[in-house]
Amino acid sequence: MAINKNICISEYLALFIKTKKFNYLIRAIVLSFAQKRILEIAWSVYCLLRHRPLEVHRSSALSLIRRGAIELLRLRCFDGLYFDRDNILERYAHRYAVNDIPHDFSGARLEAIIETQGRLVLGEYADNSARLLCIDATKCVVIKLYCDAPHVRHIHAIHMSEAERCIFVTTGDGSKFLDKWEFSSGELVFIARIKKHLAGHTAAINANGKDYFGTDFSSRPNYLERLDGKRFFFPTLAYKMAVLHMSLLNERYIVCLSGEHRPLGKRCAVSIFDSMREIFIHCDYIEPYDSGN
């Protein structure tokens with residue numbers, strides 16, 4: 001059976017759903033084995049059986065919170081959720097040596113761009129390239145650690161952790177790592193691999209003194225996860241949508257933008273998680289955002 005490596009698992013599944021031809025389903029399964037993603041699928045089946053979507057607990061101030069959340073998403077995501085090399089040059093050329101970014105650098109997700117300690121840190125999101133770039137006002141340092149890691153396709157997210165005083169980097173797709181990095185003598189250095197499996201988070205944020213990470217499982221259960229292992233599964237509408245972006249409202253409410261992976265669907269949903277009460281207070285569909293995928 002011929003497997004087209006340019007077609008991803010989600011596309012084979014979409015073809016199966018559309019045509020009902022089992023050869024597409026078989027190809028998706030074969031590709032899952034080839035990409036070492038069977039553990040991920042087994043975990044998703046377990047979650048389907050053991051963890052149902054969480055209920056939404058309405059808040060008396062929901063109307064004001066929701067308006068603030070939507071406006072926050074509009075401001076944060078106004079320029080899109082993905083930035084190619086030209087977008088990055090246009091946005092950061094006045095502060096950093098972004099002209100030194102390699103010309104074949106594909107781009108980065110909004111969630112994999114941070115500014116800290118006078119540096120711009122980028123994580124490449126491409127079909128098969130996962131370079132980490134650390135750029136200051138005079139130079140661009142290219143880190144290729146993930147380019148040599150088996151089954152790492154790209155970098156999903158970079159998070160500056162105030163709680164842990166470090167930088168977290170997450171990868172996808174076959175190898176979903178959560179790694180800890182720190183600055184040492186002015187250089188960004190790898191410290192430790194926090195999770196070796198099931199950690200391909202596509203967004204992260206600090207709320208109420210804790211780091212929360214959002215998952216990226218296509219058409220499977222998704223959740224917010226903390227470093228202490230506690231998980232909060234999304235309500236029904238966002239349960240099977242990957243997390244695209246997370247913002248913090250009023251230093252308390254985590255605003256999550258989730259979306260279906262194309263070509264399986266185009267719907268998006270916004271969920272609001274109260275980090276103090278540890279409950280979801282809102283979840284509803286929203287106009288689709290362009291994730292760049």
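1. Helices (H or I, at least four residues) and strands (E, at least two) are DSSP runs, numbered from the N terminus. On that basis S271 lies in strand β17. The model is predicted, so local features need pLDDT of at least 70 and side-chain atom pairs count only at pLDDT 80 or more, while totals for chains, interfaces and linings use all residues. Residues are numbered from 1 along each chain as its sequence is written, and side-chain values use heavy atoms, with hydrogens and water left out.

2. S271 is buried, at a relative accessible area of 0%; buried means under 20% relative accessible area, exposed over 50%, and partly exposed in between (1.4 Å probe, protein chains only). Contact is taken as heavy atoms within 4.5 Å. With residues up to four places away in sequence not counted, S271 touches F234, P235, A238, I254, V255, C256, F280, H282 and C283.

3. I41 has its place in α3, which covers residues 38-50, and counts as partly exposed at 32% relative accessibility. Neighbours within four places in sequence aside, I41 is in contact with S32 and R220. The C-alpha atoms of I41 and L198 are separated by 9.9 Å, although these residues are 157 residues apart along the chain. C47 is also placed in helix α3 and is buried, with a relative accessible area of 1%. Residues up to four places away in sequence not being counted, C47 touches P221, F233 and Y239.

4. Helix α2 (residues 22-34) has 13 residues, which at 1.5 Å a residue should span 18 Å; its end C-alpha atoms are 18 Å apart, in agreement. The expected span is 1.5 Å times one less than the number of residues. Y24, A28, L31 and S32 are the buried residues of α2. Seen down the axis of α2, these fall within an arc of 105 degrees, so they line one face of the helix; the arc is that of the directions from the helix axis to the C-beta atoms. The face of α2 turned away from the buried side carries the exposed residues F22 and F33.

5. Helix α4 has 15 residues and reaches 21 Å from its first C-alpha to its last, close to the 21 Å expected at 1.5 Å a residue. Its buried residues are L62, I65, A69, L72 and L73. Down the axis of α4 they fall within an arc of 100 degrees and therefore line one face of the helix. Exposed residues L64, R67 and L75 are carried on the face of α4 turned away from the buried side. The cover over the buried residues of α4 includes β15, β16 (253-259), β17 (268-274) and β18 (279-286).

6. In helix α5 the buried residues are R85, I88, L89 and Y92. They cover an arc of only 100 degrees around the axis, which puts them on the same side of α5. D86 and E90 are exposed on the other side of α5. Among the elements that cover the buried residues of α5 are β1 (82-84), β2 (107-109), β3 and β4 (119-123).

7. The second largest pocket has a volume of about 590 Å³. Of the 24 residues that line this pocket, the closest to its centre are R76, I114, A204, I205 and M246. On a 1 Å grid over the protein atoms alone, a pocket is an open set of points where a 1.4 Å probe fits, with protein on both sides within 12 Å along at least five of seven lines, and lining residues have an atom within 4 Å of a point. Grid points are joined across faces, edges and corners, and a volume is the space filled by probe spheres set on the points.

8. Elements that each supply at least two residues of the lining of the second largest pocket include α4 (62-76), α5 (85-92), β3 (113-116) and β15 (242-249). The largest share of that lining, four residues, comes from β11. By class, the lining has 14 nonpolar, four polar and six charged residues; Ala, Val, Leu, Ile, Met, Phe, Trp, Tyr, Cys and Pro count as nonpolar, Asp, Glu, Lys and Arg as charged, and the others, Gly among them, as polar.

9. Some backbone values deserve a check. Most residues other than glycine have a negative phi, and most peptide bonds are trans. A cis peptide bond joins G172 and D173, with omega about 5 degrees. N208 is not a glycine, yet has a positive phi of about 55 degrees.
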